[in-house]
Amino acid sequence: MFNLPDSYNVAILGATGAVGTELLQLLEERDFPLKSLKLLASPRSAGSKINFKGQAIAVEAVSAEAFKGIDIVLASAGGSTSKQWATTIIEAGALMIDNSSAFRMDSRVPLVVPEVNPEAAESHQGIIANPNCTTILMSVALWPLQRVQPIKRIIVATYQSASGAGARAMAEVKQQAQAILNGEKPLTESFPYPLAFNLFPHNTPINEQGYCEEEMKMVNETRKIFNLPDLRISATCIRVPVLRAHSEAINIEFEQPFDVAEAREAIEQAQGVQLVEDWNANYFPMPIDASGENDVLVGRIRQDLSHPSGLELWLCGDQIRKGAALNAVQIAELVVSKQWLKLKSPVAA
Ligand code: A2P
């Protein structure tokens, strides 16, 4: 425990992971009003020390005891860990902001991107879900367009970095690249196939229609966040050998033709997105430029040659920042600033 003079008792569940590490950085960077900060992980990490604001905090193994007196739990330790501890967290009187997919499609649980549907957070019953990373990036970029001109259909292809599979997967890609350069066989543990110098469709289970889980998350979660249950979306999700920051090529069909200049203006004026286009230099968003950035970079906005009401765009966004940790911290900031933290009538998960 790390005591500070003011405000909220926060715990990070999964503090040693890729997203957990970023959550810590963001709480420090954004000066979140902390009374105390508790770092929780598996028993493997208990006792290890992590620096926060110049002080070393010991990581604790997660336990029921650990949530006593906590106001907000930022959870990023996987779906099964979230499911295992949700009831305990709510019964301890804390709000769980959950980065896993465990509760995202539960109708009692708001699924929130603060730039899109902040009002949804108010009705939480102890859990607010942080959407899937590719979904967050797409939502932030498309919502400003949807507000000007209703979207009819979205076709998206993703180029997803190793960071989406966690810290071990990022290390694995580096090891694989080194092994291949040394003429050795690359080892695969986090991924089913070598990712270095390769790419493959996202390795989540495939449904009877041929869509993988990641693709269906983009479909179902975007519909829930936009509150458009019938929005037509089709996604193809691909893992690429980029360490950090996801990219997406998106084709959007609107109800009416959408002037490109007007679309650019809507992106330029929106929160959380940055227009990055230098047509003469052929310079557009790239994962290396998006890495470590809070904004989603959007560019190559152009008329779809094949459809009068269609636009094409390209985006890159830091999966660990806006795609995960930053969105969670923004939800915490939203809830605290609106005084939506405590339940009006507590309900068990
Ligand atoms: P640990 O480092 O002790 O394994 P990533 O997504 O980068 O792989 O990180 C996953 C995070 O979730 C890590 O902090 C990891 O802790 C934590 N974690 C994994 N399994 C559990 C568990 N059963 N209980 C608590 N924390 C867990």
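Author: The largest cavity is lined by Val19, Leu23, Leu74, Ala75, Ser76, Ile97, Asn99 and Ala328, where, on a 1 Å grid over the protein atoms alone, a cavity is a set of points at which a 1.4 Å probe fits but cannot get out, and lining residues have an atom within 4 Å of a point. This is a predicted model, in which local features need pLDDT of at least 70 and side-chain atom pairs count only at pLDDT 80 or more, while totals for chains, interfaces and linings use all residues. Residues are numbered from 1 along each chain as its sequence is written, and side-chain values use heavy atoms, with hydrogens and water left out.

The volume of the largest cavity is about 30 Å³, a volume being the space filled by probe spheres set on the grid points, which are joined across faces, edges and corners; the count of cavities of 30 Å³ or more comes to one. At least two lining residues come from each of helix 1 (18-29) and strand 6 (72-75), helices (H or I, at least four residues) and strands (E, at least two) being DSSP runs numbered from the N terminus.

By class, six residues of the lining are nonpolar, two are polar and none is charged; here Ala, Val, Leu, Ile, Met, Phe, Trp, Tyr, Cys and Pro count as nonpolar, Asp, Glu, Lys and Arg as charged, and the others, Gly among them, as polar.

Notes. On a 1 Å grid over the protein atoms alone, a cavity is a set of points where a 1.4 Å probe fits but cannot get out, and a pocket is an open set with protein on both sides within 12 Å along at least five of seven lines; lining residues have an atom within 4 Å of a point.
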